[in-house]
Amino acid sequence: MAQPIVTLTPKDFKSEVKPTWCPGCGDFGVLNATYTALASLKRPVDETVVVSGIGCSSRFPHFVSTYGFHSVHGRALPVAQGMKMARPDLTIVTVGGDGDMFSIGAGHLLHAALRNIDITLVVMDNEIYGLTKGQTSPTSPTGHTTKSTPYGLLASQFNPIATALSLNVSFVARGFSSKPKDLAALIEQGIQHKGFSFIHALSPCPTFHNTMDVWKANVQPLPTDHDPSQRFKAMELALETEKPYIGVFYHDEERQTMDQAAHHLVQQAKPFDLDKYMSRYA
Ligand code: SF4
């Protein structure tokens, strides 16, 4: 990783493209928190890549002055992991929404957890599909009425933090877009963590499912005596859904990352004579 430089501000991470989100969208708070986190890390703008899939929140890379990759629906994690394996010197921040990451892209979460590649995932959760105008997503509450569920949602509500903990993701946190300073600190810690970091960002969609007032009234900081090395205790706290906790639920500093392990293997590999190998087929 490059040595930190000292002269960056959040403005340096703003691109010339103005966000196209609806007024009041929670994603603005997440974007500002990300600018602050990236500036705090003091790494050059061109040594970071922001990767997304598809959805309102996945427009994110356009609004950041780093390198960016607006990929395909549900596939931001494989793209980001490939980047980190090829370029371990880069900081890779993956962003997306609850539909993108917990529905079509859900299977990739499992493999990202197992590989523990050193990337950061920020999921902007508004409990709805916003871009396609308000259908239920995996995090929509049971009974929720939309155009796609006129009699109310019959499925259970997905719990992102409990799932990340059960997959043994090596850094698990939750923030809220209306608390951008706290969220920025979580994103910064997630990026500094060596391994796969998962940040669940509550980010209301005022246009199709406005949870702003509910979350403002109910989010609460994790208990001050919570020890983030205790995964079972973190799981207990993750199961509180009426008054969701924000903060670092869990982190594990010790685990090997796949990018480090692969780099080590490359260092150990003996030189390979391709001509000699191919001569067997001549
Ligand atoms: Fe944000 Fe909802 Fe508008 Fe999409 S539809 S930009 S999630 S407020």
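The largest pocket is lined by 20 residues, and those nearest its centre are Glu127, Gln157, Trp215, Thr241 and Pro244. A pocket is defined on a 1 Å grid over the protein atoms alone as an open set of points with protein on both sides within 12 Å along at least five of seven lines, and lining residues have an atom within 4 Å of a point. The model is predicted, so that local features need pLDDT of at least 70 and side-chain atom pairs count only at pLDDT 80 or more, while totals for chains, interfaces and linings use all residues. Residues are numbered from 1 along each chain as its sequence is written, and side-chain values use heavy atoms, with hydrogens and water left out.

The space in the largest pocket is about 410 Å³, where a volume is the space filled by probe spheres set on the points, and grid points are joined across faces, edges and corners. Strand E6 (197–202) and helix H7 (212–218) each supply at least two residues of this lining. H7 gives the largest share, three residues. Helices (H or I, at least four residues) and strands (E, at least two) are DSSP runs, numbered from the N terminus. The lining of the largest pocket comprises seven nonpolar, eight polar and five charged residues. Here Ala, Val, Leu, Ile, Met, Phe, Trp, Tyr, Cys and Pro count as nonpolar, Asp, Glu, Lys and Arg as charged, and the others, Gly among them, as polar.

A search of the whole structure finds one cavity of 30 Å³ or more; a cavity is a set of points where a 1.4 Å probe fits but cannot get out. The largest cavity holds about 60 Å³ of space. Its lining has 10 residues, with Lys84, Thr91, Ile92, Asp118 and Ile191 nearest the centre. Five of the lining residues are nonpolar, two polar and three charged.

Ile191 also takes part in the contact (heavy atoms within 4.5 Å) between two helices, H1 and H6. The axes of H1 (residues 27–41) and H6 (residues 180–192) come within 8 Å and cross at roughly 50°. Axes are lines fitted to C-alpha atoms, for helices over the stretch in contact, and angles run from 0 to 180 degrees between N-to-C directions. H1 is therefore oblique to H6; angles under 35 degrees count as roughly parallel, over 145 as roughly antiparallel, 65 to 115 as roughly perpendicular and the rest as oblique.

Helices H2 (residues 76–86) and H4 (residues 106–115) pack at about 25°, with their axes 9 Å apart. These two helices are therefore roughly parallel to each other. H2 contributes Leu77, Pro78 and Gln81 to the contact, and H4 contributes His108, Leu109, His111, Ala112 and Arg115.
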